[in-house]
Amino acid sequence: MEPKKVTFGFKTARRLLKFFYGKKEIIGLDKIPENNCIIVGNHTQMNGPLVGEFYLPENCYIWAAADMMKMKTVPSYAFRDFWSQKPKWTHPFYKLLSYIIAPLSIFVFCNARTIAVYRDKRVMSTFRETVAMLKGGRNILIFPERDEKHNNILYKFDENFVDVARLYYKKTGEKLKFVPMYIAPYLKKSYIGEAIEYNPENDPADERSKIAAYLSDEITKIARELPEHTVVPYRNIGRKNYLKNTDVNEVPR
């Protein structure tokens, strides 16, 4: 599969966004396998996709919600996913904002290194495009958190992304590796952990659970071993409810 052709307008916008977002460092890039792999990170609201687009190697493509790529679906998705947990009195403002950002969202998500993720019967098109990208020597970045609290670092993972490895093995006969990444915006760094390899001989459901659990545990472990810092959660909650990486017995409110 050919890489996306990037327009001059998007290149210019990308440079500006990267400048204003600021410099970030990736620790442990040497842990990414030489062959293709899937990198799994904590979403940290918009920080995860921005780190992936700006600071991971150019051969990395990012899973992104297909609803952020179409004018008719951006407003409802953006409000629900970004701002629905804001105070109710602010909801009219954020609903208006969700319409205002729609053209920008389509411009960014359709031009960036993204793979559209569908959450209905079209999900197989997401898997097929992902496998095609992997076969072409590209890495894939996925943020599998769902809106269910887990610990002070992560929300729970939707495990179905692991099935890409089973499809990839059927198409190529190669075992895919998954690599954990912890993104720490307040430290201005991201940390790559040790990879785990998919075993096609195991029961698919067991392998799905094992790999998702390993990645979640490894990201949590990386975060908790770092100096004390504020953790940016998956949900766009009030900053007063953000937790520290040392709050081991707490979950987001």
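What share of the 253 residues in the protein chain is buried? Buried residues make up 51% of them, where buried means under 20% relative accessible area with a 1.4 Å probe, counting protein chains only.

Before I go on, please keep in mind that this is a predicted model, in which local features need pLDDT of at least 70 and side-chain atom pairs count only at pLDDT 80 or more, whereas totals for chains, interfaces and linings use all residues. Residues are numbered from 1 along each chain as its sequence is written, and side-chain values use heavy atoms, with hydrogens and water left out.

The protein chain holds eight helices and 12 strands, taken as DSSP runs (H or I of at least four residues for helices, E of at least two for strands) and numbered from the N terminus. Its radius of gyration is 18 Å, close to the 18 Å that the globule rule gives for 253 residues, so the chain is as compact as a globular protein of that length; the radius is taken over C-alpha atoms, and the rule is 2.2 Å times the number of residues to the power 0.38.

Finally, leaving aside neighbours within four places in sequence, Tyr182 is in contact with residues including Asn42, Ile153, Ile219 and Val231, contact meaning heavy atoms within 4.5 Å.

Technical notes
Buried means under 20% relative accessible area, exposed over 50%, partly exposed in between (1.4 Å probe, protein chains only).
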